[in-house]
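Please take the sequence and the model together, and follow the paragraphs below from the sheet to the helix beside it and then to the charged side chains.

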Amino acid sequence: SPADANLYFSLLLRPGVTINRAASLPLTVGIAVATALEQLDSALHPRIKWPNDIQIEGKKICGILCEMRSEIDCRVRHIVAGVGLNVNLNAAALPADLRARATSLMLETGRVFPRAGLLAAMLNVFEPLYHLWQREGFAGLTERMAAYDALAGEIVSIQQGRETLTGRACGVREDGALLLKTATGVMPVYSGEATLAI
């Protein structure tokens, strides 16, 4: 990343939940990022691309990666939630093959943003969402997710190792799984790289 251009940070979280709850944390972080961006500039229309990207006008502006350590009793010991947000990145700094697929706040708005202020804004939005997620799981956040869902109603392909699943995205379940309607019915998908089917 070019110096002073983007915002990368990691949060060390000790949520005290079971492993099956952890799968929805990247989406919770995504809701916080999307909400903060929307509050920053109402002309931005961030969307969450399941499971861990934030897009604006179909271009990636942010990626989220969560790594977990668990105990023998299936309780989460800690989760490190990493966020990478393109902030003051100009088009010349993007490799040519990414210019059609990636963007930054500066490219979208024409303005330069203070990164410390952005970090503070995202943390302020994340904290109450995180506490809600701890108490209720992702069930308390599914309506917010639906408002930001970039894949809802789209035909998508999901790469899982050597297998490719294709179907219509039908929203996100309370456990963070993507609901995929295929020829054999609706199935939950818990991991994989989702792309729009052409």
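Five strands form an open sheet in the order S1-S5-S4-S3-S2, with antiparallel pairing; strands here are DSSP runs (E, at least two residues), helices are DSSP runs too (H or I, at least four), both numbered from the N terminus, and two strands pair if DSSP finds at least two bridges between them. Strand S1 (7-13) and strand S2 (46-49) stand at the edges, each with a single partner strand, so one side of each has no neighbour in the sheet. S1 pairs with strand S5 (residues 76-85) over seven bridges in the antiparallel sense, and Leu7 has Leu85 in S5 as its bridge partner. This is a predicted model, in which local features need pLDDT of at least 70 and side-chain atom pairs count only at pLDDT 80 or more, while totals for chains, interfaces and linings use all residues. Residues are numbered from 1 along each chain as its sequence is written, and side-chain values use heavy atoms, with hydrogens and water left out.

Helix H4 (residues 115-136) holds both Phe126 and Tyr130, four residues apart, about one turn of the helix. Rings of Phe, Tyr and Trp (its six-membered ring) pair if their centres lie within 6.5 Å, and planes under 30 degrees apart count as stacked, over 60 as edge-to-face and the rest as tilted; by this rule the count comes to two aromatic pairs. The ring centres of Phe126 and Tyr130 are 5.3 Å apart and their planes stand at 25°, so this pair is stacked. Tyr130 and Trp133 are also a stacked pair, with 6.0 Å from centre to centre and 20° between the planes, and Phe126, Tyr130 and Trp133 form one aromatic cluster. Tyr130 is buried at a relative accessible area of 8%, as is Trp133 at 0%, where buried means under 20% relative accessible area, exposed over 50% and partly exposed in between (1.4 Å probe, protein chains only).

What links the charged side chains? A salt bridge is a side-chain nitrogen of Lys or Arg within 4 Å of a carboxyl oxygen of Asp or Glu, and the count comes to five salt bridges. In one of them Arg111 meets Asp41, the closest N and O atoms being 3.0 Å apart; Arg111 lies in the loop between helix H3 (105-109) and H4, and Asp41 in the loop between helix H2 (25-40) and S2, so the pair ties together parts that are 70 residues apart in sequence. Arg111 is partly exposed at 37% relative accessibility, whereas Asp41 is buried at 14%.
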